Amino acid sequence: MKNKETERTELIRELNLKHKRFQFWARFWSGIYHSTLYGSIIFSITSALILNLSILHAWQYSSDFSTFLSISSATLITISAIGRFHQRWRTHRYSRICVEQLLIKIQNPEVEISNIRHALINLLEKHNGEISGYGN
């Protein structure tokens, strides 16, 4: 059987690993979400400008390019919505913050390790539910 300090050290290591993982994925999903969101806006605005700037009417492909940009804009937003990028980003941010709080709590030697462990288990269950789309 493990002593309390060994158990605490192992749990701290596990919490640190979870924190790094949640931080990585929060940044990843933030990048994907914001790229699709702002990319869609940029494509849409550029498409409208191409159609409305008289100087570009001489370019024979202006209408085709504008159509391509409009389709790309709609596709980006659709992919973002179907992929639930916003939800994934928010879930990873929330989980990272919860792990940070657990790391602070575990520094108190009077806190029961089992309470921290149960809180981590509950967090992981909630996290997996949110990511899979079956969260509360």
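**Conventions and overall form**

I take helices (H or I, at least four residues) and strands (E, at least two) as DSSP runs, numbered from the N terminus. On that basis I read the order of elements from the N terminus as α-α-α-α, and I count 4 helices and 0 strands in the protein chain.

I am working on a predicted model, where local features need pLDDT of at least 70 and side-chain atom pairs count only at pLDDT 80 or more, while totals for chains, interfaces and linings use all residues. Residues are numbered from 1 along each chain as its sequence is written, and side-chain values use heavy atoms, with hydrogens and water left out.

The C-alpha trace spans about 80 × 25 × 20 Å along its principal axes.

**Surface and contacts**

I note an accessible surface of about 9200 Å² for the chain, with 60% of it belonging to carbon and sulfur atoms. These areas come from the Shrake-Rupley method with a 1.4 Å probe; for residues, only the protein chains shown count as cover. I call a residue buried under 20% relative accessible area, exposed over 50%, and partly exposed in between (1.4 Å probe, protein chains only). Buried residues make up 30% of the 136.

For contacts I require heavy atoms within 4.5 Å. Among contacts between residues at least 6 apart in sequence, 79% join residues at least 24 apart.

**Helix α2**

I checked α2 (residues 62-83) for length: its 22 residues reach 31 Å from first C-alpha to last, close to the 32 Å expected. The expected span is 1.5 Å times one less than the number of residues.

I list its buried residues as Ser-62, Ser-66, Leu-69, Ser-72, Ser-73, Ser-80 and Gly-83. Seen down the axis of α2, they fall within an arc of 145 degrees, so they line one face of the helix; the arc is that of the directions from the helix axis to the C-beta atoms. They pack against α1 (4-52) and α3 (85-106). On the other side I find Asp-64, Ile-71, Ala-81 and Ile-82 exposed. Just after α2, Arg-84 has a positive phi of about 50 degrees.

**Nonpolar core**

I define a nonpolar core as a set of buried Ala, Val, Leu, Ile, Met, Phe, Trp, Tyr and Cys residues joined through side-chain atoms within 4.5 Å. The largest has 12 residues, including Phe-22, Cys-98 and Ile-116. At least two residues come from each of α1, α3 and α4 (113-132), and α3 gives the largest share, 5 residues.

I followed Ile-116: leaving out residues up to four places away in sequence, it touches Leu-11, Leu-15, Leu-102, Lys-105, Ile-106 and Val-111.

**Single residues**

Beyond four places in sequence, Ser-40 touches Ser-35, Ser-73, Leu-76 and Ile-77. Ile-45 also has its place in α1 and is partly exposed at 47%. Its C-alpha is separated by 17 Å from that of Tyr-61, 16 residues apart along the chain.

I ended in the loop between α1 and α2, where Gln-60 lies. Gln-60 is exposed at 62% relative accessibility.
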